[in-house]
Amino acid sequence: MELGLKGKVVLVTGSSEGIGRSIALAFAREGCGVVINGRNQKSLDATASELRASGAEIHGVVADVAKAGGPEEVVQQTVARFGAIHVLVNNAGGIGRFGAFADLTDQEWLDVFSLNVMSAVRACRAALPHMQKQKWGRIINISSESGVQPDPFMPHYNASKAALNSLTKSLSKAYGRDGIVVNTVSPAFIRTPLVDEMLDRQAKEKSITIDEAERAFLRDLRPNIVLGRAGRPDETAGICVFLASDQASFITGSNYRVDGGSVASV
Ligand SMILES: NC(=O)c1ccc[n+]([C@@H]2O[C@H](COP(=O)([O-])OP(=O)(O)OC[C@H]3O[C@@H](n4cnc5c(N)ncnc54)[C@H](OP(=O)(O)O)[C@@H]3O)[C@@H](O)[C@H]2O)c1
């Protein structure tokens, strides 16, 4: 299938590891110019060299997108390097402290919202004028199953992803006439460094292996994952490439689940 993405310029925030890295690699394989981002120069450089093996032009930008000025800097460097920004994937995100509502402080709420919501708000604000000028743009917000099916723990994370889902819908309505489509992709339980860290902690607490911790998590907390396993980062990348492509030109304001069946509603 011709996706029409060759030569497009793609920015993926939080992409030195995990889901973001897989998304960046998938766009690189489509012949896009790709900007990757993270806070750690060393791991960003290592990922950039790996992605260059695809033959694509890759540019790494070290910036903390949870801080004001960070997302703007990454967008500005994308345009400076490639002369345009066609696709923005707001992927950077995190769960903060794995806590119950009563234990979480104001600062912990604000930190999670800064990373999961304000990073996308700021990146969109910086990228949209460029997309409007070229009358073409794709924004993909990486949310979570937790945005529509919250757990009793991590209420700050759950609420931040619900806010991101709402931002997607608002922007899709505000910018559709400019040729810009905006969609959400919502993964669940993908084995990335973020999830491995959580499983590792649980494995140590219970004196079990990390694979046993994965099985316990699926059994106790994610019985609806009907595929009975965790997802792989690359399983989230394909839908992002599709949503950025010409094949998806009439899709906007939608939320695509990549969750092995986890969200229980129809
Ligand atoms: N994994 C899952 O099961 C799952 C499920 C649902 C939703 N999600 C969502 O998917 C997205 C990616 O998750 P993941 O599991 O791939 O995460 P991850 O394994 O923790 O990877 C996060 C990436 O983002 C970068 N990053 C983190 N904070 C950053 C910041 N403040 N500024 C710039 N870069 C930053 C990290 O590099 P540095 O540390 O060097 O900055 C790394 O490259 C997140 O939005 C997450 O909420 C994940």
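**Helix packing, domains and ligand shell**

Helix 1 and helix 8 are oblique to each other (angles under 35 degrees count as roughly parallel, over 145 as roughly antiparallel, 65 to 115 as roughly perpendicular and the rest as oblique). The model is predicted: local features need pLDDT of at least 70, side-chain atom pairs count only at pLDDT 80 or more, and totals for chains, interfaces and linings use all residues. Residues are numbered from 1 along each chain as its sequence is written.

**Exercise 1.** Describe how helix 1 packs on helix 8 (residues 234-244).

*Solution.* Step 1: the angle is about 50° and the axes are 8 Å apart (axes are lines fitted to C-alpha atoms over the stretch in contact, with angles from 0 to 180 degrees between N-to-C directions; helices, H or I of at least four residues, and strands, E of at least two, are DSSP runs numbered from the N terminus). Step 2: the crossing is right-handed, a term for a near helix turned clockwise from the far one by less than a right angle. Step 3: helix 1 contributes Ile19, Ser22, Ile23, Leu25, Ala26 and Phe27, while helix 8 contributes Asp234, Thr236, Ala237, Gly238, Cys240 and Val241 (contact: C-beta atoms, placed from the backbone, within 7 Å). Step 4: the residues of this contact comprise eight nonpolar, three polar and one charged (Ala, Val, Leu, Ile, Met, Phe, Trp, Tyr, Cys and Pro are nonpolar, Asp, Glu, Lys and Arg charged, the others, Gly among them, polar).

**Exercise 2.** Describe how helix 3 (residues 70-82) packs on helix 4 (residues 106-134).

*Solution.* Step 1: their axes lie 8 Å apart at an angle of about 30°, so helix 3 and helix 4 are roughly parallel. Step 2: their crossing is right-handed. Step 3: the residues in contact include Val74, Val75 and Val79 of helix 3 and Ala123, Ala126 and Ala127 of helix 4. Step 4: this contact has seven nonpolar, three polar and two charged residues.

**Exercise 3.** Locate the ligand relative to the domains.

*Solution.* Step 1: the chain is assigned domain 1 (9-188 + 233-258) and domain 2 (191-230), with bounds from an automatic or database domain assignment. Step 2: their C-alpha centres lie 25 Å apart, and eight residues of domain 1 are in contact with five of domain 2. Step 3: 30 residues surround the ligand, the closest being Gly14, Gly18, Arg39, Gly93 and Leu194 (C-beta atom, placed from the backbone, within 6 Å). Step 4: helix 1 (18-29), strand 2 (33-38) and helix 6 (193-206) each give two or more residues to this shell.

Key: Two residues are in contact if their C-beta atoms, placed from the backbone, lie within 7 Å.
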